[in-house]
Protein chains: 2
Amino acid sequence: MVKKKIEISAYARNNQIASQNRKFFYDNGIFSINIIGSPGCGKTSILEYMASNFEHSFGVIIGDVKTALDADRIIRAGNNFSYPIETGGGCHISSSMIKDKLEVIETDIEYLFIENVGNLVCPSSFDLGENFKVAVLSIPEGDEKVRKYPTLFLKSDAVIINKIDLLDYMDYDIDRVEEDCRIHNPKVQIFKTSVKTGAGFPEWFDFLTNKRKHF
Amino acid sequence: MVKKKIEISAYARNNQIASQNRKFFYDNGIFSINIIGSPGCGKTSILEYMASNFEHSFGVIIGDVKTALDADRIIRAGNNFSYPIETGGGCHISSSMIKDKLEVIETDIEYLFIENVGNLVCPSSFDLGENFKVAVLSIPEGDEKVRKYPTLFLKSDAVIINKIDLLDYMDYDIDRVEEDCRIHNPKVQIFKTSVKTGAGFPEWFDFLTNKRKHF
């Protein structure tokens, strides 16, 4: 019972700080998105693509177990409001890690994208104060990920199926994946993207812009 | 401080049960391998390939957050000693989940492969009583995973770089990946495999056979 109590209080503490972050974002007009997906599904590449193509000001906070490689990539792609978090072994970003960054981030931005640690399991259980979560899948991972890792898809308003340019070369049942996503969330918005061809990004950008209007 | 103590005791309890599992494996002549990698890197496909091509008796325990899809795949591939663990939200297999399976598994096998939950972070911190850990990477994930998720590579005796048939189609610096692996473990054995071509499997099978001799 002691263990249970402490677990509950860890989530409660995380939620409490997430609420403070949410207030900070709202007060500063920052619309924030928590990006969750496996290692290598293309989260950073999507943000690199957006650095050149999304016509709104945005910042990026990027969590990695080790290194600031990904944040450096975004800066090189032309977005100067990119901040790394090194979790030092931790499997997810917590709301307190975000809170620490709020003191240093540029607040004159419209959007803040938080790229979580590459992990389909743990990050989905921790609210960071974001406006919504987006789950990122990729074609080479295989088409059964929604069934095997359901929690993330219950909690995500949007799903990006990335590396769509590889669809013709792999045995991937995309209709089944979309169906599985809708079982968990009938209102989910699904985007099929490729940073190589630019496919799906106009729809993703429209979605972000519309969603921010109802902020 | 209370939290710290409880964390330590959770690991200590896990290690204690892992030692009991290790004794069970040793007493029954079962050589066991803990397979860890991202979702979609090909852990189950490797075991499917082995079901047809590895000339030794083996069992498989497969952990998934949800579903028994992967264990079913191994059975369909011809290995009848395949047992699912559904972690129900958990991000790794614990030694006690393995212990529960020891009552039902076929003990007249030479090898037991434990396919962990698809996750590059959490599973590396939990000893299950295995003889060694193998980390599975795959070409489409990108070539910076060893740098970004170092713990697993500190603890793995072997690394499988899978989907090697895709190397020509992707920007992946395999020499750099091998170098990164050796920084963390100079003695690591690296295998470059493809279930489509069978590449790398003869070397992987030799390694398993030799390793079991010194069991």
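A residue is called buried under 20% relative accessible area, exposed over 50%, and partly exposed in between, with a 1.4 Å probe and protein chains only. The model on display is predicted: local features need pLDDT of at least 70, side-chain atom pairs count only at pLDDT 80 or more, and totals for chains, interfaces and linings use all residues. Residues are numbered from 1 along each chain as its sequence is written, chains are lettered from A and ligands numbered from 1 in the order in which they are written, and side-chain values use heavy atoms, with hydrogens and water left out.

**Stop 1: strand 1 of chain A**

Select residues 31–37 of chain A, which form strand 1. Helices (H or I, at least four residues) and strands (E, at least two) are DSSP runs, numbered from the N terminus. Seven of the seven residues of strand 1 are buried, so this strand is largely enclosed by the rest of the structure. A:Phe31, A:Ile33, A:Ile35 and A:Gly37 point one way, while A:Ser32, A:Asn34 and A:Ile36 point the other way.

Two strands pair if DSSP finds at least two bridges between them. Opposite A:Ile33 stands A:Phe113 of strand 4.

**Stop 2**

A salt bridge is a side-chain nitrogen of Lys or Arg within 4 Å of a carboxyl oxygen of Asp or Glu. The structure holds 30 of these salt bridges over all chains.

Select A:Asp127 and A:Arg22, whose closest N and O atoms are 2.9 Å apart in a salt bridge. This pair links distant parts of the chain: A:Asp127 lies in the loop between strand 4 and strand 5, and A:Arg22 in helix 1, 105 residues apart. A:Asp127 is buried at 18% relative accessible area, whereas A:Arg22 is partly exposed at 34%.

Move to A:Asp157 and A:Lys211, a salt bridge with its closest N and O atoms 3.0 Å apart. A:Asp157 is in the loop between helix 6 (150–155) and strand 6 (158–162), and A:Lys211 is in helix 8 (residues 201–213), 54 residues apart. A:Asp157 counts as partly exposed at 27% relative accessibility, and A:Lys211 counts as partly exposed at 25%.

Then select A:Glu144 and A:Lys145, whose side chains meet in a salt bridge (3.0 Å, N to O). A:Glu144 and A:Lys145 are both buried.

**Stop 3: the interface of chain A and chain B**

Display both chains. In contact (heavy atoms within 4.5 Å) are 34 residues of chain A and 34 residues of chain B. The area buried between the chains is about 2,500 Å², of which carbon and sulfur atoms give 65%; buried area is the accessible area (1.4 Å probe) that two parts lose on being put together, summed over both.

Four salt bridges are found across this interface. Select A:Lys148 and B:Asp64, which form a salt bridge with the closest N and O atoms 3.9 Å apart. Helix 1 (2–27), helix 3 (69–76) and helix 5 (145–148) of chain A each supply at least two residues of the side that touches chain B. Helix 1 gives the most, with four residues.

Finally, select A:Glu48, A:Asp64, A:Asp70, A:Arg73, B:Glu144, B:Lys145 and B:Lys148, which are linked in a network of salt bridges.
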